[in-house]
Amino acid sequence: PDSVTSIGEWAFNGCSNLTSITISDSVTHIDFEAFSDCTSLTSITIGNGVTSIGDGAFNNTGYYNNESNWENGVLYIGKCLIDAKASISGSYTVKAGTKLIASSVFENCTGLTDITIPDSVTSIGESAFENCNGLTDVTIPDGVTCIGAFAFESCQGLTNITIPGSVTNMGKFAFYQCRNLAGVTIENGVTSIGDSAFCECTNLVSV
């Protein structure tokens, strides 16, 4: 119903008879494994109000397990980028019109070298690119308002990053242990930088 604004951890986990779900525009957050193991869930509609999706929210659903829903190793639900296979490598361009990148989507995709994020994206989830050691080139577009905690943790290939002024919240440890990060540009408009955002960036010389 429209009164619901958040769907919590494991809220529908293991509801094996659930076949269809429509998430209203009032919902802003879908938490960790909210619909995981709903093995009969094949029809999913996510409302336009959702701004964050937790790790594994739709893992092992019927939709997730249907290989025909995956596009070259990447899974979308509507305007939301949900997951990517660890085998993703080289360059990848996020589909035009995508609104958010869910938590942990590209985590441990060590073969990913550069990512193109369209201007339509407003949110990059927690740990979205964590341990993408091969990632050397990323441009955060002006439309992004939120960079989740640990979003680029241990991305050892990053040497420079620009945080656009549209960002209102950069989560804790966002660039933690990016040891080759040498330069950071933070544009006017950024209002919040989380705890330890650049902790242990031992080569950082210019901010």
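Student: How many aromatic pairs does the count come to?

Tutor: This is a predicted model, in which local features need pLDDT of at least 70 and side-chain atom pairs count only at pLDDT 80 or more, while totals for chains, interfaces and linings use all residues. Residues are numbered from 1 along each chain as its sequence is written, and side-chain values use heavy atoms, with hydrogens and water left out. Rings of Phe, Tyr and Trp (its six-membered ring) pair if their centres lie within 6.5 Å, and planes under 30 degrees apart count as stacked, over 60 as edge-to-face and the rest as tilted. By this rule the count comes to 11 aromatic pairs.

Student: How do you know whether Phe 12 and Phe 35 are buried or exposed?

Tutor: Buried means under 20% relative accessible area and exposed over 50%, with partly exposed in between (1.4 Å probe, protein chains only). Phe 12 has 32% and is therefore partly exposed, whereas Phe 35 has 0% and is therefore buried.

Student: What makes Phe 35 and Phe 58 a stacked pair?

Tutor: Their ring centres are 5.4 Å apart and their planes are at 0°, so this pair is stacked as well. It links distant parts of the chain, with Phe 35 in the loop between S3 and S4 and Phe 58 in the loop between strand S5 (52–53) and helix H1 (62–65), 23 residues apart. Phe 58, at a relative accessible area of 1%, is buried.

Student: Why is Lys 85 said to lie over the face of Trp 70?

Tutor: The rule asks that NZ of Lys or CZ of Arg be within 6 Å of the ring centre and within 35 degrees of the ring normal. Lys 85 is at 4.1 Å from the ring centre of Trp 70, and the charged end of Lys 95 sits over the ring of Tyr 76, 4.3 Å from its centre.

Student: How do you know that Glu 153 has no salt bridge?

Tutor: A salt bridge is a side-chain nitrogen of Lys or Arg within 4 Å of a carboxyl oxygen of Asp or Glu; Lys and Arg count as positive and Asp and Glu as negative, with His and the chain ends not counted. For the buried Glu 153, the nearest side chain of opposite charge is Arg 179, 8.6 Å away. Glu 153 is placed in the loop between strand S14 (146–147) and strand S15 (160–163).

Student: Why is Lys 172 called partly exposed?

Tutor: Its relative accessibility is 44%, so Lys 172 counts as partly exposed. Lys 172 is in the loop between strand S16 (169–170) and strand S17 (183–186).

Conventions:
Helix = DSSP H or I, 4+ residues; strand = E, 2+ residues; numbered from the N terminus.
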